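Good morning, colleagues. Please keep the sequence and the coordinates in view as I speak.

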Amino acid sequence: MSGGTKQKLFEATLRLAKSRGLVGLTVDDIAAEAGVAKGTVYYNFGSKDGLVDGLLRYGVDMLAGRLRSAVSAADPLDVIEAQVDTTLEFIARYPGFSQILVSELWRTPGQWHGTLSLLREEIISIVKEQLSRLESAGRLPEGVQIPTAAAGLFGTMLVVALDWQVFGPHRTRAEVREAVMVLIRGLGRR
């Protein structure tokens with residue numbers, strides 16, 4: 001399947017899921033919204049569950065790629081700030097994605113919980129790298145556990161981005177990024 005078709009399906013699924021949730025969607029709905037034949041969906045994914053699983057992976061791969069591209073040799077707090085901004089930009093572009101992640105990650109047992117757990121770990125590992133750099137530089141307070149802090153940062157970025165989209169769309173991305181960074185700067189002293 002071409003990247004363009006996958007992108008269309010991803011965006012169509014997010015548009016529909018934003019108002020209906022994943023459970024209520026059908027392959028017919030998604031194919032029609034994306035402007036592709038239903039047979040294309042079944043041929044490439046086998047079922048609605050296969051489609052949603054593939055699209056969740058696709059979305060997380062896109063986000064992970066953007067987070068990795070924000071990594072540099074700069075100060076780890078600056079890299080984290082770039083990653084927060086990247087996440088906010090991604091969620092602003094695909095607001096349905098954060099809704100799906102939040103609702104499905106913490107719905108136990110969710111239909112896509114296994115896939116989302118693996119994908120969550122991929123994103124968290126990218127965040128852990130910068131926290132490990134802070135720790136190596138002696139800039140994390142004693143007792144901070146990197147896996148917990150990384151999960152907290154990931155959750156913060158996701159929930160704050162969703163909160164911004166739903167309750168504070170009048171705020172700029174820079175304002176939201178700075179609000180998150182105030183919390184993070186308290187964790188990693190310069």
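This is a predicted model: local features need pLDDT of at least 70, side-chain atom pairs count only at pLDDT 80 or more; totals for chains, interfaces and linings use all residues.

The largest nonpolar core comprises 59 residues, and L9, F10 and F97 have the most contacts inside it. The leading contributor to this core is helix α4, residues 48-69, which supplies ten residues. Domain 1 (1-46) and domain 2 (53-185) both contribute residues, so the core lies between the two domains.

Let us take F10 as an example. Which residues does F10 touch, once its neighbours within four places in sequence are left aside? They are L55, Y58, G59, M62, F90, Y94 and F97. One of these partners, F97, has already been named with F10 among the residues with the most contacts inside the core.

Staying with helix α4, I turn to G54, which is found in that helix. G54 has a relative accessible area of 16%, and because buried means under 20%, G54 is classed as buried. Between G54 and L14 there are 13 Å in space, C-alpha to C-alpha, and the two are 40 residues apart in sequence.

Next, the annotation. An unreviewed UniProt entry carries the annotation "domain: HTH tetR-type" for residues 3-63. In the model, the chain over residues 3-63 is 82% helix and 0% strand, and its end C-alpha atoms are 15 Å apart. Helix α1 covers residues 3-20, and T5 is found there. Is T5 buried or exposed? Its relative accessibility is 19%, so T5 counts as buried. Leaving aside neighbours within four places in sequence, T5 is in contact with V36 and T40.

I now move to helix α7, residues 113-136. With 24 residues, α7 reaches 33 Å from its first C-alpha to its last, close to the 34 Å expected at 1.5 Å a residue. Its buried residues are T115, L116, L119, I123, I124, I126, V127, Q130, L131 and L134. After α7 comes G138, which has a positive phi, near 70 degrees.

Finally, the charged side chains. Side chains of opposite charge can pair when their charged atoms come close. How many salt bridges does a search of the whole structure find? The search gives 13. I shall describe some of them individually.

R177 and E81 form a salt bridge through their side chains, at 3.3 Å from N to O. Since R177 belongs to helix α9 (residues 173-187) and E81 to helix α5 (residues 76-93), this pair ties together parts that are 96 residues apart in sequence. E81 also forms a salt bridge with R185, where the closest N and O atoms are 3.5 Å apart. Here too E81 lies in helix α5 and R185 in helix α9, so the pair ties together parts 104 residues apart in sequence. R185 has a relative accessibility of 30% and therefore counts as partly exposed.

A further salt bridge joins D85 to R177, with the closest N and O atoms 2.9 Å apart. D85 lies in helix α5 and R177 in helix α9, so the parts tied together are 92 residues apart in sequence. Why does D85 count as buried? The reason is its relative accessibility of 16%, because buried means under 20%.

Taken together, E81, D85, R173, R177, E178 and R185 are linked in a network of salt bridges. With that, I conclude my presentation. Thank you.

Note on methods:
Residues are numbered from 1 along each chain as its sequence is written. Side-chain values use heavy atoms; hydrogens and water are left out. UniProt positions are given in the numbering used here, feature names are shortened, and annotations may be inferred rather than shown by experiment. Helices (H or I, at least four residues) and strands (E, at least two) are DSSP runs, numbered from the N terminus. Buried means under 20% relative accessible area, exposed over 50%, partly exposed in between (1.4 Å probe, protein chains only). Contact means heavy atoms within 4.5 Å. A nonpolar core is a set of buried Ala, Val, Leu, Ile, Met, Phe, Trp, Tyr and Cys residues joined through side-chain atoms within 4.5 Å. Domain bounds come from an automatic or database domain assignment. The expected span of a helix is 1.5 Å times one less than its number of residues. A salt bridge is a side-chain nitrogen of Lys or Arg within 4 Å of a carboxyl oxygen of Asp or Glu.
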